[in-house]
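Hi,

Here is the model I promised to pass on. Have a look at it first, and my notes follow below.

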Amino acid sequence: MSIEVLLMDNVKKLGKSGQIVKVAPGYARNYLLPQGIAAEVTEASRRRLKKLEAERAARAAEEKKAALEVARKLEKLEINVSAQTTDGTKLYGSVGVNDILAAIEANRGIKLERSQIDLADNLKEVGEYESKIDLGHGVNVKFKVVITSENVPEEA
């Protein structure tokens, strides 16, 4: 026995927003309906879904516009980081996402999230590295990280 509900939001392994799906009555009654994720199939719920989709589309357009604006500010970004090295090539520590975020904020005045930086692993040697920033909505910016050696005075 199952009932039909109209999904108001995407539900993993069940369906996408706007679909009519069959689910167990308990699942609908105890989870989907109280959370507002789904509604009973009525004309009013269909109108509400259309209104929600229009609001989401407008919000997504605004967010993409903001992401494109940030992308223009980050064009041709090159991050220069100087770090202490052991032999001129290997770093004492490493240059990670937090170092890159701090450099971007100091250089361009733009605050980003850790999850937006695509850095496979911490950088541990002097050199040039390419990476990208994912601003969401399909907007990506490639940038270059240049790590230079900071000479350490030798102890006598």
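How much accessible surface does the protein have, and what share of that surface belongs to carbon and sulfur atoms? The accessible surface comes to about 10,700 Å², and 46% of it belongs to carbon and sulfur atoms. Accessible areas come from the Shrake-Rupley method with a 1.4 Å probe, and for residues only the protein chains shown count as cover.

Before the details, some ground rules. This is a predicted model, in which local features need pLDDT of at least 70 and side-chain atom pairs count only at pLDDT 80 or more, while totals for chains, interfaces and linings use all residues. Residues are numbered from 1 along each chain as its sequence is written, and side-chain values use heavy atoms, with hydrogens and water left out.

**Overall picture**

The protein has three helices and nine strands, and along the sequence they follow the pattern β-β-α-β-α-β-β-α-β-β-β-β. Helices (H or I, at least four residues) and strands (E, at least two) are DSSP runs, numbered from the N terminus.

The radius of gyration is 24 Å, whereas a compact globule of 156 residues would have one near 15 Å. That radius is taken over C-alpha atoms, and the globule rule is 2.2 Å times the number of residues to the power 0.38. Along the principal axes, the C-alpha atoms fill a box of roughly 80 × 30 × 20 Å.

Of the 156 residues, 29% are buried. Buried means under 20% relative accessible area, exposed means over 50%, and partly exposed is in between (1.4 Å probe, protein chains only). Among contacts between residues at least 6 apart in sequence, 51% join residues at least 24 apart; a contact means heavy atoms within 4.5 Å.

On charge, there are 25 positive and 24 negative side chains, and the centres of the two sets lie 12 Å apart. Lys and Arg count as positive and Asp and Glu as negative, with His and the chain ends not counted. The place of a charge is taken as NZ of Lys, CZ of Arg, CG of Asp or CD of Glu.

**Around strand E1**

Strand E1 (3-7) and strand E2 (20-23) run antiparallel and are joined by four bridges. Two strands pair if DSSP finds at least two bridges between them. Val5 has Val21 as its bridge partner in E2. E1 also pairs with strand E3 (residues 38-40), again in the antiparallel sense, over three bridges, and there Leu7 is partnered by Ala38.

The loop between E1 and E2 holds Lys13 and Gly15. Lys13 is exposed, with a relative accessible area of 87%, and has a positive phi near 65° although it is not a glycine. For context, most residues other than glycine have a negative phi. Gly15, in contrast, is buried at 14%. Not counting residues up to four places away in sequence, Gly15 touches Leu7, Asp9 and Asn10. From Gly15 to Val70 is 55 residues in sequence and 33 Å in space, C-alpha to C-alpha.

**The end of helix H2**

Lys73 belongs to helix H2 (residues 43-73) and is partly exposed, with a relative accessible area of 48%. Lys73 is in contact with Arg108 and Ile110, leaving out residues up to four places away in sequence. Ile110 is 37 residues from Lys73 along the chain, yet their C-alpha atoms are separated by 8.5 Å.

**Strands E4, E8 and E9**

Which strands pair with E9? Strand E4 (residues 78-84) runs parallel to E9 (residues 140-150), with seven bridges between them, and Asn80 has Val146 as its partner in E9. Strand E8 (residues 127-134) pairs with E9 in the antiparallel sense over eight bridges, where Lys132 stands opposite Lys142.

Ser131 sits in E8 and is buried, with a relative accessible area of 10%. Beyond its neighbours within four places in sequence, Ser131 is in contact with Asp118, Leu119, Val141, Lys142 and Phe143.

The hairpin of E8 and E9 has five residues between the strands, and Gly136 there takes a positive phi near 85°. His137 is in that loop too, with a positive phi of about 60° despite not being a glycine. His137 is partly exposed, at a relative accessible area of 37%.

Happy browsing, and do write back with any questions!
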